[in-house]
Amino acid sequence: MKNIDFKKAVVYQIYPKSFKDSNNDGIGDLRGVIEKLDYLKNLGIDYIWLTPFYISPQRDNGYDVADYYNIDKTFGTMEDFEELIKEAEKREIYLMLDMVFNHTSTESNWFKKAMEGNEKYKSYYIFKKGKNGKAPTNWTSKFGGSSWEYVEKFDEYYLHLYDKTQADLNWDNEEVRKEIYNIINFWLEKGVKGLIFDVINLISKPEKFEDDLIGDGRRFYTDGDKIHQYIKELNEKTFGRFKDVITVGEMSSTNIKNCIKYTNPKEKELSMVFNFHHLKVDYKYGNKWSDGKFNFLELKDIFDNWQSGMEKGKGWNAVFWCNHDQPRVVSRFGDDKNYLIESAKMLGTAIHMLRGTPYIYQGEEFGMTNPYYTSISQYKDVESINYYNILKERGLTEDNILKILSQKSRDNSRTPIQWDNSKNSGFTKGISWIEIGKNKEINVENALKDKNSVFYHYKKLIELRHKENIISEGSFEIILKYNKKIFSYIREYKNEKLLVINNFYGEECNFELPYEKLNLLEYNSKILISNYDNPSKNFEFIKLRPYESIVYKLVK
Ligand code: NOJ
């Protein structure tokens, strides 16, 4: 294996269902991924993160696993997977797999046996008696409604923080943990080089289950009491025994203090973490299901706190805008109508120059947008459909709900990858499981032909991370923190500095180097990357064009 420092690595996320369909059943698959490895090699990424392809009823698109040891036949076979690892490695690309262990599908054999009354398997899950004829607590599921499901035959409820078909596992049961370690080791022995742990900071549930009188329950199970103990044990029993395996924990509603602990190498827990605070700046009053503008100053404040806080504690972030749960970034924080190319490139630069390992979500690298669906029948996602019904009950009009969904639904990122200008955008020759988006001209074929495309900008960002130590190692300092248009920061490493300037809006604005940074003018400067022709060489004062972004490398 090529020696990759994860601080210098770039990860590319593949949602196989929507990536490339090789057998024309309308659903993307592993052979489709193999077909496109040369494309990914051309882009230059180091790891592929594959979202779940295990056997699953697909209620939550694979995050409801029924059998962790086998591949769902819609995605292919174990031979396909082994070939994928081999073919990827030939291209110096390594595989990271999604590990979903907060819950299993209710179709898993463990849960089925539990429902037969088998006590061993009942203790794999969290079954509780109700309280005064009601659920054990008032907690809400992340997908809406109660997080408890009643089972008449036991006169008990089981806990599901997500859909009712995703029953939470009982990590306090040692047998459960052993089962999980065996599964992880099974995949590591196949040559997997990275692991993503789905909502891993939710696995340690409280000893006492009580009502949440001020929230939805999350404060009782997020970063719970035994979380660090369980992650340390996970490390010791699984990936810690293998060389060169990188890990990332998906952390829901977490904080910096815990994330330092999760990732400071001294703690022997994980390589890095995802957090989502920067992706809630367009939740009006904290409510995801609202529409409207994002709060730019809050976004900068969150980046500042997380970048500086994690650096101080020697922790490490995964940095990203997009994944299969988030709308497309260019439609969200950019302008996909008037400045698609400029804003997509600016957003790419803003995130890739940060301290942390960048993750690219399929399609982001050539500027894919939200699909702009206009009818509920086009949506497939369980969360979107649940919330459509909830918002209807709350009295919102159909138009209003559809507008909110077109901004917030997870399906915004789950539409098929647009490969070319042919029918179904070259994704499938069959009928796609989910409709292709509106902007079909934004596709790989067109992007590869155009030297100015978003694709080549991302390719360059990846090359820069590989090449420039200051990007992987440098410290972070925000400047012009209260400027309402510009996100600018300085990275520093040895005798070098990086000055990163991003205009986040579609109007011209003035960048003025702050007084206390005028000493930077004494450095020799060179532009590493920008998104317009003829970027200003002088960075003391710049009239930035709409969404203009420039990175200067400064050397004494
Ligand atoms: C986070 C995953 O990213 C999301 O898609 C899934 O629904 C939940 N975890 C539950 O597994």
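## Where domain 1 meets domain 2

The side chains of D211 and K131 pair up in a salt bridge, with N to O at 3.8 Å; the term stands for a side-chain nitrogen of Lys or Arg within 4 Å of a carboxyl oxygen of Asp or Glu. Across the interface of domain 1 and domain 2, the rule finds two salt bridges. Side chains of opposite charge can pair when their charged atoms come close.

A word on what you're looking at: this is a predicted model, where local features need pLDDT of at least 70, side-chain atom pairs count only at pLDDT 80 or more, and totals for chains, interfaces and linings use all residues. Residues are numbered from 1 along each chain as its sequence is written, and side-chain values use heavy atoms, with hydrogens and water left out.

Here is how the protein is divided up, using bounds from an automatic or database domain assignment.

| Domain | Residues |
|---|---|
| domain 1 | 11–107 + 168–461 |
| domain 2 | 109–167 |
| domain 3 | 474–555 |

The C-alpha centres of domain 1 and domain 2 are 27 Å apart. Domain 1 brings 40 residues to the contact and domain 2 brings 31 residues, where contact means heavy atoms within 4.5 Å.

How much area is buried between domain 1 and domain 2? About 3100 Å², with carbon and sulfur atoms giving 54% of that. Buried area here is the accessible area (1.4 Å probe) that two parts lose on being put together, summed over both. On the domain 1 side, T106, D168 and F209 supply 25% of the area buried against domain 2, more than any other three residues.

Which elements of domain 1 touch domain 2 with at least two residues each? They are β6 (103–105), α6 (174–189), α7 (218–221) and α13 (382–393); these are DSSP runs numbered from the N terminus, helices being H or I of at least four residues and strands E of at least two. Of these, α13 gives the most, with five residues.

Because E174 and K178 are four residues apart in helix α6, about one helical turn separates them. Searching the whole structure turns up 38 salt bridges.

Finally, the UniProt record (an unreviewed entry) annotates residues 13–414 as "domain: Glycosyl hydrolase family 13 catalytic"; such annotations may be inferred rather than shown by experiment. Over residues 13–414 the chain is 33% helix and 13% strand, and the end C-alpha atoms are 12 Å apart.
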